[in-house]
Amino acid sequence: MVTAFVRSVLAEPRAPDPPAPAWWDWALVGALLITAAGEAIFRSDVSWRPLATVVTLLVIPVLLWRRTHPLLATAVGFGGGAMVLQIPTIIDGVGEVGLNTMACVLLLPYSLYRWASGREALIGTAIVAVPVTLGLAATENFGDLIGGATVVVASFALGAAMRYRAVARQREVQQVRTLERGDLARELHDTVAHHVSAIAIQAQAGRAVAATNPAAALEALAVIEAEASQTLSEMRTMVRVLRDGDDAADYAPQRGIGDLDELTRMSPLVQVRCVGDLADLPQPVEVSVYRICQESVTNAIRHALYPTRVSVEVRGEAGAVEVRVHDDGEAARLSTSVGYGLLGMAERAKLLGGVCQAGPDPAGGWTVEATLPREVSR
């Protein structure tokens with residue numbers, strides 16, 4: 001069991017997309033440098049003042065790279081800085097050496113477990129353990145010993161917890177995207193299967209009445225029937241996997257723009273308006289418009305605070321269909337901005353070559369806007 005655990009840790013990759021140093025990182029480092037300089041000047045009880053000051057001023061800038069290079073930052077902070085500060089204790093037996101500002105190195109164990117790979121985390125843990133163990137061994141107060149060990153362990157644990165949370169969130173987002181892709185694939189299948197079934201029926205009828213027609217026409221009808229039957233069979237096989245064991249296929253056309261008035265039944269606050277050229281749209285676009293409007297209205301009814309109106313507007317332009325769903329409820333629906341419903345709408349629009357975004361409206365309330373191309377990309 002231990003061997004399997006070690007192998008799983010060693011196989012753990014780095015956390016994806018670590019953020020580069022931002023302005024607040026530079027502000028933090030600047031504030032720490034000023035604090036360390038003031039402490040070195042005004043504190044009267046600093047042992048080995050030159051050494052403590054130089055080490056602190058060299059270690060603090062390393063915090064800028066604690067996410068992108070967590071093992072290197074940990075090696076410099078603990079294997080270099082903290083270890084050097086243990087030398088006076090070992091040689092002369094003096095008490096604690098270093099500025100209080102050096103406590104900032106506790107950010108490094110957190111960053112190590114949050115961003116580093118499993119192999120780097122093990123190496124970094126060993127690097128941290130050496131100076132921490134020496135420092136705790138030199139501590140005579142039992143309370144300080146327990147407190148110091150707890151703080152270091154808590155830094156590691158918090159980093160691991162935040163990493164687990166980020167991974168869980170990423171998996172949930174991926175699951176939402178996968179489910180939305182499956183829904184869109186089923187809708188595409190049902191729509192195309194509806195038309196292909198009609199083609200197959202027409203081809204069969206053509207063969208039945210083709211006795212007086214040229215042989216070439218009869219051969220063409222046979223090809224149409226074979227191709228249509230093969231396409232339908234292949235699409236049934238594909239969607240059977242997507243539907244997770246549901247073999248029954250419903251070839252009825254999906255809901256589209258003509259069914260948007262049904263949303264008014266969800267609440268008397270809902271108002272639907274369709275303008276522009278909305279004729280002859282591809283079925284996937286019509287279905288996506290309906291789904292986006294349906295999800296947006298559902299979110300507005302569930303999450304808007306004291307709304308008086310939920311307006312749904314679909315506008316047909318020359319090359320695109322624009323969707324806007326707005327509610328005038330009170331602001332601060334922050335949880336909806338990262339909700340899975342919005343992720344699903346954005347993924348659906350992206351698959352069709354469009355965009356979908358949502359957020360607080362400058363004029364008040366909440367707005368969802370989507371733009372879908374009239375022609376589906378091949």
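A polar contact is a pair of N or O atoms within 3.5 Å; within protein, one atom must be able to donate a hydrogen and the other to accept it, and residues adjacent in sequence count only if both atoms are side-chain atoms. The model is predicted, with local features needing a pLDDT of at least 70 and side-chain atom pairs counting only at pLDDT 80 or more, while totals for chains, interfaces and linings use all residues. Residues are numbered from 1 along each chain as its sequence is written, and side-chain values use heavy atoms, with hydrogens and water left out.

**View 1. Thr101 and its polar contact with Glu39.** The side chain of Thr101 makes a polar contact with the side chain of Glu39, at 2.6 Å. Thr101 lies in the loop between α5 (87-92) and α6 (107-115), where helices (H or I, at least four residues) and strands (E, at least two) are DSSP runs, numbered from the N terminus. Thr101 counts as buried because its relative accessibility is 7%; buried means under 20% relative accessible area, exposed over 50%, and partly exposed in between (1.4 Å probe, protein chains only). Leaving aside neighbours within four places in sequence, Thr101 is in contact with Leu32, Thr35, Ala36, Glu39, Thr56 and Ile60, contact meaning heavy atoms within 4.5 Å.

View 2. Helix α3 covers residues 49-59 and includes Val54, which counts as partly exposed because its relative accessibility is 48%. Val54 and Ala40 are 14 residues apart in sequence and, from C-alpha to C-alpha, 9.7 Å apart in space. The buried residues of α3 are Ala52, Thr53, Val55, Thr56 and Val59, and these pack against α2 (23-42) and α4 (70-84).

**View 3. Trp115 and the residues it touches.** Trp115 has its place in helix α6 and is buried, with a relative accessible area of 11%. Not counting residues up to four places away in sequence, Trp115 touches Arg14, Ala15, Pro16, Asp17, Pro18, Pro19, Arg67, Pro70 and Arg163. Trp115 and Gly159 are 44 residues apart in sequence, yet their C-alpha atoms are 8.2 Å apart in space.

View 4. Most residues other than glycine have a negative phi. Asp17, in the loop between α1 (2-10) and α2, has a positive phi near 55° and is exposed, with a relative accessible area of 72%. Asp280, in the loop between β1 (270-276) and α10 (283-303), has a positive phi of about 60° although it is not a glycine, and Asp280 counts as exposed at 76% relative accessibility.

**View 5. Cysteines and the search for disulfides.** A search of the whole structure finds 0 disulfides, a disulfide being a pair of cysteine sulfur atoms within 2.5 Å. Cys274 is in no disulfide, and the nearest cysteine sulfur, that of Cys293, is 7.7 Å away. Cys274 is partly exposed, with a relative accessible area of 38%, whereas Cys104 is buried, at 9%.

**View 6. Confidence along the chain.** The chain averages a pLDDT of 79, and 75% of the residues score at least 70; pLDDT is the predictor's confidence in each residue, from 0 to 100. Confidence is lowest in helix α9 (residues 215-242), at a mean of 63, and highest in strand β3 (residues 320-327), at 94. Over residues 244-252 the pLDDT stays under 50, and the model has 14 contacts beyond four places in sequence for this stretch. Where pLDDT is low, the predicted coordinates should not be read in detail.
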